[in-house]
Amino acid sequence: MERAKIYKKTLLIDSSDDKGLKDAAEHLVNGEVIGFPTETVYGLGCDARNGEAVKKVFAAKGRPADNPLICHIGDKAQIKDIVSEITPLAQKLIDAFMPGPITVVMKKADSISDETTAGLDTVGVRMPSHPVAQKFLKLCGVPVAAPSANLSGRPSPTGARSVLEDMDGYIYAVIDGGDSEFGLESTVVDCTGTTPVILRPGAVTKADIDQVLGGGETVMSGSLADKETPRSPGMKYRHYAPFAQVEIMKMPEGTKIEGDDKAGSDGKISKATFTIEDLKKLSDDEAKELVNIASPFILRSREILQANPFARIGLYCGSEIKAMYDKMNDKLLLAHTEFCVYGKTVDVSAASHGLFEGLRFLDVQEVDTILAQGFDGEGLSVAYMNRLSKAAGKKEALVPGMPAPARPDRTPLPLDAFKDTFTVSVLFVDDNNTSLSSCLESLMRRMIEKNEPYISNRESDTGVEIYCESAGLTAMDGMEPDEQMDKAVREISGFGIKNIESRRADPAIYDCNDLILTVRDEQAFAIIKAFPQIKDKVFSLSTFAAANGLVMKDSSGKVMSISVPDPTGQNFETYVHTAKALRAWLEILFPYIIKDLGASRI
Ligand code: TXA
Ligand code: MG
């Protein structure tokens, strides 16, 4: 079955909407696919007994058909209808860990379709503890086959918006049950024999299982010889892949890790907010430990920037590391770094909770490299490092025979999703305001819209509205735009500059803008000379690029600056050429402009 949009829009159902939940359950039983929350990650559910419905799930995910799905239940009494045998070992794990983040593999019963198990004679059974999952599964009443709700190869979704990002239009509905508590998928344990084999590590750790069984007999399937076929078919594929290249930053040996044995304890992940002020309160030993943890990030970032001054680096790190970067205040490093902070640096439970959303967030920032914190513990750290190492794997080996997933379209989000919003604005200035500055305004407006929505870099629950305008140093108010330029901008972007009336730049306009970019260097100098108090927010396109370390060199190694010839009086091709050049510069500068304005895409 081909992956194809079958709905105009996927319904987003609130977990408190009882009618919506019932409707979703009815659609599932009638053969549709529904996204639903669990305490691990979101699942893409269908009736496990209905082979045609299962095919729809494989199609929506773009998943290879040889990778089986697991069966979700809302009631332990359903297990006997799904499996043909419950070994004593399986029974012990069911009693100890269900409901919870575990999948127990047993011999399958005939009721489960072969499509669900990809032809295997075993089936994975999972009973989620998430209250919304339980309610929904009970309403369905049938065993629900569900893989994680991501496009095959992408990081698993742990929030409803990420499900929509990958699945909008491909499935009937998604139930929004908030953030998943653990953030990593369940521990998959093969219990068909007498010794449990962990096929995929998760929040239920080897130590947890050994403790229940009263011995240390659990086997990790990674210890199988390489040439053996993996017992969990899914583990042979590269997974969890953001578009950026991931590198793991080692935690210095001996660092005391927290949360290694208590994943997502009762769902309360402390999102620590450590600031520069807090740095001052540290003891010498604590400060030294932090420097040791932060150093790999800083050294590697500098190395990357040295090789490529245009590199954009994402950090998946703890809040103390971010505070250290802020304190260092290395302007270049900061301009090229996007942060995704998971909480306290040594808290592997918080890092696990935020990992997949973090990778997705940094992808949206369009960074090319992600440096992510590593952990060397033996509990939850094993599951975290398992996912992170797969995310860091080589790009080529995505899913053999399947095209690499394309960047999904951005899903618009209403601003009322935020607690607060603030507005910021950028101003483009030229001598007149009928041509180049209007062109910049028009192109920037499109770019802003295309990349919406934005959040504040300082408060993650605050939305940001970005505006842009233009003015001219010697412009007269109300002049008609240059017709040739209007046509040229329309030709390259579909939108002209007809509706932009010329305005004279004045202190009031400077005041209400947070960043002022002039077409030429001498215009920026003139503004700063007249109004030295606003010098920190006035740049020319080329001094703004230079301030962000974006030094471009020509083939002979000479530094190039952004110079835009005035096309006035030239032929139409010259106008088009100029408009295209401005768009190319804006595309390079755009991420730095929104960062300068204190905003990030989400
Ligand atoms: O936490 C989870 O397990 C999530 C939520 C939605 O419940 N589900 C999930 O499903 O992660 P999925 O399909 O993305 O991963 C299931 C893994 C795959 O690696 C698959 O190969 C393996 O479990 N698996 C499923 N059935 C199996 C079986 N019968 N024998 C061995 N491995 C199996
Ligand atoms: Mg998955």
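This is a predicted model: local features need pLDDT of at least 70, side-chain atom pairs count only at pLDDT 80 or more; totals for chains, interfaces and linings use all residues.
In strand β19, V464 is the bridge partner of Y454. Strand β18 (residues 454–456) runs antiparallel to β19 and is joined to it by two bridges; strands are DSSP runs of E with at least two residues, helices are runs of H or I with at least four, and both are numbered from the N terminus. Two strands are taken as paired if DSSP finds at least two bridges between them. A hairpin of five residues connects β18 to β19.

Residues are numbered from 1 along each chain as its sequence is written, chains are lettered from A and ligands numbered from 1 in the order in which they are written, and side-chain values use heavy atoms, with hydrogens and water left out.

Strand β19 (residues 462–472) also pairs with β17 (residues 420–430), in the parallel sense and over eleven bridges. In this pairing, V429 has A471 of β19 as its bridge partner. Nine of the eleven residues of β19 are buried, so the strand is largely enclosed by the rest of the structure; buried means under 20% relative accessible area, computed with a 1.4 Å probe on protein chains only.

Four strands form an open sheet with parallel pairing, in the order β13-β16-β14-β15. β13 (245–249) and β15 (337–341) each have a single partner strand, so one side of each of these edge strands lacks a neighbour in the sheet. From one strand to the next, the twist averages 20 degrees. β14 (residues 313–317) and β16 (residues 369–373) are paired over four bridges, and L315 stands opposite L371 of β16.

Two helices lie across strands of this sheet. Helix α10 (residues 284–307) lies across β13, β14 and β16 and runs at about 170 degrees to β16. Helix α13 (residues 348–364) lies across β13, β14, β15 and β16, at about 165 degrees to β14. Angles run from 0 to 180 degrees between N-to-C directions, and axes are lines fitted to C-alpha atoms, for helices over the stretch in contact. Contact means heavy atoms within 4.5 Å.

Helices α15 (residues 436–451) and α20 (residues 572–596) pack at an angle of about 50 degrees, with their axes 10 Å apart. The two helices are therefore oblique to each other, a class that holds the angles left after those under 35 degrees (roughly parallel), over 145 (roughly antiparallel) and 65 to 115 (roughly perpendicular).

Definitions and conventions:
Buried means under 20% relative accessible area, exposed over 50%, partly exposed in between (1.4 Å probe, protein chains only).
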